[in-house]
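Subject: Structure for your review

Dear colleague,

Please find below the structure that I am handing over to you. My notes on its helices and strands follow.

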Amino acid sequence: MTIGIQAGAGTAHLVWDWNGTLLHDIDAVIIATNASFAELGFPPITLERYRDLYVVPVPKFYERLMGRLPTEEEWVVMDEAFHRHYWTAAEASGLAEGARELLRGWQADGLTQSLLSLAPHEKLVPLVRAHGIDGHFLRVDGRTGPSHTSKAGHLVRHMAALEAAGVTASRTVLVGDAVDDAMAAAHVGARAVLYTGGSHSRASLASAGVPVVDSLAEAVATARELVG
């Protein structure tokens, strides 16, 4: 999904992650994760353990929990159950604290931003619109391929599409909640700031070697410093 905003040459740009970053959906994630585990008789997981073990691609997360990769049949069952329960619970999830004001303020300063998520594109776009924030983004790109992919290739395609609007990787900061976000940013030559309100523990995020913050306000302030 695109809108008609153009970046000036060298304009600072934010790529926002959605799940666990702009959307405060960690409670929905835990509900859906435990529902998917129950399908195969696995015990429930706490938020703390989830954050300690979570990793992308998601099958590796299950490997950490189970001591082995799930079989193809197990993966299909768990993936279907997760998404069935998640999207029901996600409808009640709100935006992270201050997100709406931060999006508005970044745009008001003449800077640009986009949204990139591994959530299915056909689910993502209506939800972003429902929160009334779609007008702040150059692009909103959800996943169109398999659910067990990482974000690096997705970000490559996203950045290529943004080139026409004047966005450059050297002036881009990805704000996300996962180590995979930092790896994807490094892959394209962008910076990253990681937020502790989502899927990873602070210790896990710190392993990425990029700034780690406890609020989106801190994330935006840090992004300004990185590309200022």
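Axes are lines fitted to C-alpha atoms, for helices over the stretch in contact, and angles run from 0 to 180 degrees between N-to-C directions. Helices (H or I, at least four residues) and strands (E, at least two) are DSSP runs, numbered from the N terminus.

This is a predicted model, in which local features need pLDDT of at least 70, side-chain atom pairs count only at pLDDT 80 or more, and totals for chains, interfaces and linings use all residues. Residues are numbered from 1 along each chain as its sequence is written, and side-chain values use heavy atoms, with hydrogens and water left out.

Helix α3 (residues 58-66) packs on helix α4 (residues 72-90) at about 105°, the axes lying 12 Å apart. The two are therefore roughly perpendicular (65 to 115 degrees; under 35 is roughly parallel, over 145 roughly antiparallel, the rest oblique). Val58, Pro59, Tyr62 and Met66 of α3 meet Glu74, Trp75 and Met78 of α4, contact meaning heavy atoms within 4.5 Å.

The axes of helix α5 (residues 99-108) and helix α10 (residues 216-227) come within 9 Å and cross at roughly 25°, so α5 and α10 are roughly parallel.

In strand β4 (residues 112-120), eight of the nine residues are buried (under 20% relative accessible area; exposed is over 50%, partly exposed in between, with a 1.4 Å probe and protein chains only). Four bridges join β4 in parallel to strand β1 (residues 13-16), and three join β4, also in parallel, to strand β5 (residues 140-143); strands pair if DSSP finds at least two bridges between them.

Yours sincerely
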